[in-house]
Amino acid sequence: MQQQILHLENVSKQFSQNTLPAVNKVSLTLQQGDVLGLLGPSGCGKTTLLRLIAGFERLETGKIEIAGNIVSNASTWIPPEQRDIGVVFQDYALFPHLNVIENIAFGLKNSSKQEAQNRITQVLELVRLQGLEKRYPYQLSGGQQQRVALARALAPKPQIMLLDEPLSNLDIQVRLSLREEIRDILKAAGTSAIFVTHDQEEALAISDLVGVMRQGNLEQLGTPEEIYTHPASRFVAEFVTQANFLPARRQGNFWETEVGNFQLKANYHNDIGEIMIRQEDLILKPAINAPVFIRTRRFLGREYQYCLQTPSGKELHARIMADVALPIGTRVELSIVSNAVKIFS
């Protein structure tokens, strides 16, 4: 059975009385060995929440526990260096005058020389930097520098790793490969982690749990699959899946929209709402008298993304496998993959 490694209870932080709370009554629990992705747009409070867990900020209300010990509440505040955490920043924060080994050794000052050497060898192998031990940060690529930062944070064997947008300064190809490496490294080390990002795909790919934040609030916490297939709010649906939304009115067992009628099994008691349709769940069928037409088409490799225009001028987006290309201007009937529609008030 997994051990609870982190527990937050109604954690709040407000920087000014004239502004909304940066973090508002956030509660969550993280189990030993799990990776939590904190996802949300800029300014939603995810970095502030990370800083509260690290001890770089003091909370106003609530409680933070690490491995069963209270590190922060109304009367307690344990400083960052005593919280048994590792932190990896967006800008790496390596010491430019120290080589790779010396940077990693910085967090092992309380270890004996032999223990430090053994641990440095272990983490160098873990992050695959053998052979680069004597290089200085300026002699390394961005991806290599970030792996050094990860090794330095992992070296003291922290209870939790906190990673604040660690891949945002890297080229896209490096980001894609390094995010897989980071997950593999954390899993191999058995270390729990919180990974802050504004990239939806990154959060879904790297995390065991995803927490979606908006304006200081934790809108939803769940597995990547739960967040994607069963969004708890319109914001989560829009931000995570980039779904389409159509105003709809109930007519018997169907929901009537400007592009057609759709049957929903959802238990929903209002007569009006908005139906959510993910881009990959739309099916396009050419039809001369259809009310919707293809305005633009983008080739994305394995699929095309179509921008569709409805009679009211609303834009819808569809992703279709690239085996058949429909011409721009084609009028299309829309249908939806079975059970792929959700209704929001």
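Biologist: How many helices and strands does the protein chain have?
Modeller: The protein chain has eight helices and 20 strands, and please keep in mind that this is a predicted model.

Biologist: What box do the C-alpha atoms fill, and what share of the residues is buried?
Modeller: Taken along the principal axes, the C-alpha atoms of the protein chain fill a box of roughly 80 × 45 × 45 Å, and buried residues account for 47% of the 345 residues. Among contacts between residues at least 6 apart in sequence, 64% join residues at least 24 apart.

Biologist: Switching to cysteines, how many disulfides are there?
Modeller: There are zero disulfides in the structure. For background, a disulfide is a covalent bond between the sulfur atoms of two cysteines.

Biologist: And Cys 44, is that one buried or exposed?
Modeller: Cys 44 has a relative accessibility of 2%, so it counts as buried, the cut-off being under 20%. Cys 307 is buried as well, with a relative accessible area of 5%.

Biologist: OK, pockets. How much space is in the largest pocket, and which residues lie nearest its centre?
Modeller: The largest pocket holds about 650 Å³ of space. Its lining consists of 20 residues, and Ile 85, Gly 86, Val 87, Gly 107 and Pro 156 are the ones nearest the centre.

Biologist: Which elements supply at least two residues of that lining, and how do the lining residues divide by class?
Modeller: Strand E6 (85-88) and helix H4 (142-154) each supply at least two residues of the lining of the largest pocket, and by class that lining divides into twelve nonpolar, four polar and four charged residues.

Biologist: What about the second largest pocket, how much space lies in there?
Modeller: About 540 Å³ lies in the second largest pocket, which is lined by 14 residues, with Glu 201, Tyr 228, Gln 242, Glu 303 and Arg 319 nearest its centre. Two or more lining residues come from each of helix H6 (200-206), helix H8 (234-241) and strand E17 (303-309), and H6 gives the largest share, three residues. Sorted by class, the lining of the second largest pocket has four nonpolar, five polar and five charged residues.

Biologist: Back to H4 for a second, how many of its residues are buried?
Modeller: Twelve of the 13 residues in H4 are buried, and the helix is mostly covered. Those buried residues include Gln 144, Arg 147, Val 148 and Leu 150.

Biologist: What do the buried residues of H4 pack against?
Modeller: They pack against E6, helix H2 (100-105), helix H3 (113-126), strand E7 (160-164) and helix H5 (172-189). As for the span of H4, its end C-alpha atoms are 18 Å apart, which agrees with the 18 Å that its 13 residues should span at 1.5 Å a residue.

Biologist: And H8, is that helix mostly covered or mostly uncovered?
Modeller: H8 is mostly covered, with six of its eight residues buried, among them Phe 235, Val 236 and Phe 239. Just after H8 comes Gln 242, which takes a positive phi of about 50 degrees, and Gln 242 is also one of the residues nearest the centre of the second largest pocket.

Biologist: Last one, where does Glu 333 lie and what does it touch?
Modeller: Glu 333 lies in strand E19 (residues 331-336) and is partly exposed, with a relative accessible area of 42%. Leaving aside residues up to four places away in sequence, Glu 333 touches Ile 283, Leu 284, Lys 285, Ala 287 and Ala 290. The C-alpha atoms of Glu 333 and Pro 286 are separated by 6.2 Å, although these two residues are 47 residues apart along the chain.

Terms used. Residues numbered from 1 in each chain as written. Predicted model: local features only at pLDDT ≥ 70, side-chain atom pairs only at ≥ 80, totals over all residues. Heavy atoms only, no water. Disulfide = S-S within 2.5 Å. Buried < 20%, exposed > 50% of the residue type's maximum accessible area, 1.4 Å probe, protein only. 1 Å grid on protein atoms, 1.4 Å probe; cavity = no way out; pocket = protein on both sides within 12 Å on 5 of 7 lines; lining within 4 Å. Points joined across faces, edges and corners; volume = space filled by probe spheres on them. Helix = DSSP H or I, 4+ residues; strand = E, 2+ residues; numbered from the N terminus. Nonpolar A, V, L, I, M, F, W, Y, C, P; charged D, E, K, R; others polar. Expected span 1.5 Å × (residues − 1). Contact = heavy atoms within 4.5 Å.
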